[in-house]
Amino acid sequence: MKAMWFGMIVDELALFTSNIGRNLLKEPGMARKKKVPAAVEPVQAYIEGVAKNLVDRIYGPEGLPWGTKLTELEDVVIAVRDALSEKMLAQALERQAQTAEQRPEPFQKCSGCAGPVEDRPDPEPRNVQTRAGEAEWDEPHCYCRKCRQAFFPSEQEPGHRSR
Ligand SMILES: [Zn+2]
């Protein structure tokens with residue numbers, strides 16, 4: 001027990017000193033805020049609000065209880081991030097799929113032969129592994145008679161279903 005406790009202190013200390021080291025390396029007057037990608041800029045304030053709200057709901061107004069390990073906080077943050085990522089992927093893709101009938105002309109052709117496709121409006125479940133996590137949504141597919149390939153309008157390559 002004592003050894004574990006000690007190990008934890010050593011870990012925390014290592015982290016603490018490495019952070020100090022990092023801060024010392026920063027030039028004075030350098031902006032501390034990370035550069036935010038353009039797509040995120042308009043929702044930056046909202047994200048801050050959500051983060052505040054999540055800390056409130058998970059830990060209460062006093063924040064992280066004393067004695068909580070940094071790794072425990074880390075686990076919670078990663079779990080929240082994963083849940084948020086998967087919800088966002090699903091929402092964005094599901095909504096796009098719902099407008100498949102009105103999709104722009106370039107997306108109405110077969111991506112293999114550029115010929116006409118038949119729409120199969122019954123949505124099928126999709127599951128794609130992305131860099132941000134697992135994307136799950138329903139999407140109607142289409143079929144090219146010439147290529148004898150079924151594919152989803154949002155796919156760039158045809159034939160992933162039969163290969
Ligand atoms: Zn085709």
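The following is a short exchange about how the features of this predicted model get their labels.

Reader: What kind of model is this, and how are its residues numbered?
Author: This is a predicted model, in which local features need pLDDT of at least 70 and side-chain atom pairs count only at pLDDT 80 or more, while totals for chains, interfaces and linings use all residues. Residues are numbered from 1 along each chain as its sequence is written.

Reader: What makes up the protein chain, and in which order do the elements run?
Author: The protein chain has three helices and three strands. From the N terminus on, the order is α-α-α-β-β-β. Helices (H or I, at least four residues) and strands (E, at least two) are DSSP runs, numbered from the N terminus.

Reader: What makes the strands a sheet, and in which order do they lie?
Author: Two strands pair if DSSP finds at least two bridges between them. Strand S2 (residues 133-144) and S3 are joined by three bridges in the antiparallel sense, so they meet the rule of at least two. The three strands form an open sheet with the order S1-S2-S3 and antiparallel pairing.

Reader: Why are strand S1 (118-130) and strand S3 (149-151) called edge strands?
Author: Each of S1 and S3 pairs on one side only. Neighbouring strands of this sheet are turned by 35° against each other on average, direction ignored.

Reader: Where does helix H3 lie, and at what angle to S2?
Author: Helix H3 (residues 70-98) lies across S1 and S2 and runs at about 15° to S2. Axes are lines fitted to C-alpha atoms, for helices over the stretch in contact, and angles run from 0 to 180 degrees between N-to-C directions.

Reader: Is Ala114 buried or exposed?
Author: A residue is buried if 20 or more other C-beta atoms lie within 10 Å of its own, exposed if 12 or fewer, and partly exposed in between, with C-beta atoms placed from the backbone. Ala114 has 10 such neighbours, so it counts as exposed. Ala114 sits in the loop between H3 and S1. Its C-alpha atom is 9.4 Å from that of Cys144, 30 residues apart along the chain.

Reader: With which residues is Arg103 in contact, leaving aside its neighbours within four places in sequence?
Author: They are Gln108 and Pro153. Two residues are in contact if their C-beta atoms, placed from the backbone, lie within 7 Å. Arg103 and Pro153 are 50 residues apart in sequence, and their C-alpha atoms are 8.6 Å apart.

Reader: What makes H2 hardly covered?
Author: The count of buried residues among its 16 residues is zero. In the protein chain of 163 residues, 8% count as buried.
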